[in-house]
Amino acid sequence: MSKKMPKAERRAQLLETAREIVRESGTDALSLGSLAERAGVSKPITYNHFGTRAGLLIALYREINEQQVRATQEALDNAPAELAEVARLLAEAYMDCHEEVGPEFHVIGGALKGDPEMETYERDMLDEHIAHYANVLKPFSNLSGPALQRGAIAILGAADALADAMARRRISKKDAVGDLAALIMTTIGRS
């Protein structure tokens, strides 16, 4: 058995171990029992942290999403007030995150399809991303609030599709970043 750790450290260790299991064997191989065994802890510890398998998968999904949000914000913190640079930074941060986390994000999301808690979280997450992108891009646009929101929806949909194509090696990362940045500028840019 593993040594006693503070709760936050243990949770981080369990989530990292769960990501390894998903990366190596897919979501079907991940259960609270398999996680406990691989992490060297008792089953009650995994149940204490996540409650259910769905709770574990949602925690993984949430962690990956929060990583993407942090990366995007860090990229924007020192951005000059130019649409072209902000668009490039948004596009790079999006593709960097998808490249770094690998296919686990979509695999985990797929494993949770139909779970009411996951569907609520995904809606909330998307709404937060839309609001964030609209807020970041507002200074560069003459679009009304609703039109800017729709533009952010379109941008995020395209970003997801480009990231998926990049992950499947259908397009290069350079092209994915360039295409997304161009789309942002076209969608948001002042006329």
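Q: What makes a residue partly exposed?
A: A relative accessible area under 20% is called buried and one over 50% exposed, with partly exposed in between. The model is a predicted one.

Q: Why is E99 called partly exposed?
A: The relative accessibility of E99 is 48%.

Q: What makes D96 and K173 a salt bridge?
A: Their side chains meet at 2.3 Å, N to O, and the cut-off is within 4 Å. D96 lies in helix α5 and K173 in helix α9, so the pair ties together parts that are 77 residues apart in sequence. D96 is partly exposed at 33% relative accessible area, and K173 is partly exposed at 27%.

Q: Why do R38 and E20 count as a salt bridge?
A: The side chains of R38 and E20 meet at 3.6 Å, N to O, and the definition asks for within 4 Å. R38 is in helix α2 (residues 32-39) and E20 in helix α1, so parts 18 residues apart in sequence are tied together. A network of salt bridges links E20, E24 and R38. The structure holds eight salt bridges.

Q: Why are α1 and α4 called roughly perpendicular?
A: The axes of helix α1 (residues 7-25) and helix α4 (residues 53-77) come within 10 Å and cross at roughly 95°. Angles of 65 to 115 degrees count as roughly perpendicular, and α1 and α4 are therefore described that way. Among the residues that meet are L15 and V22 in α1 and L56 and I64 in α4. By class, this contact has seven nonpolar, one polar and three charged residues.

Q: What makes a set of residues a nonpolar core?
A: Its members are buried residues of the listed nonpolar kinds, joined through side-chain atoms within 4.5 Å. The largest such core has 29 residues, and L90, L137 and I184 are among those with the most contacts inside it. A second, separate core has 25 residues, including L14 and V101.

How values were computed. Residues are numbered from 1 along each chain as its sequence is written. This is a predicted model: local features need pLDDT of at least 70, side-chain atom pairs count only at pLDDT 80 or more; totals for chains, interfaces and linings use all residues. Side-chain values use heavy atoms; hydrogens and water are left out. Axes are lines fitted to C-alpha atoms, for helices over the stretch in contact, and angles run from 0 to 180 degrees between N-to-C directions. Helices (H or I, at least four residues) and strands (E, at least two) are DSSP runs, numbered from the N terminus. Angles under 35 degrees count as roughly parallel, over 145 as roughly antiparallel, 65 to 115 as roughly perpendicular and the rest as oblique. Contact means heavy atoms within 4.5 Å. Ala, Val, Leu, Ile, Met, Phe, Trp, Tyr, Cys and Pro count as nonpolar, Asp, Glu, Lys and Arg as charged, and the others, Gly among them, as polar. Buried means under 20% relative accessible area, exposed over 50%, partly exposed in between (1.4 Å probe, protein chains only).
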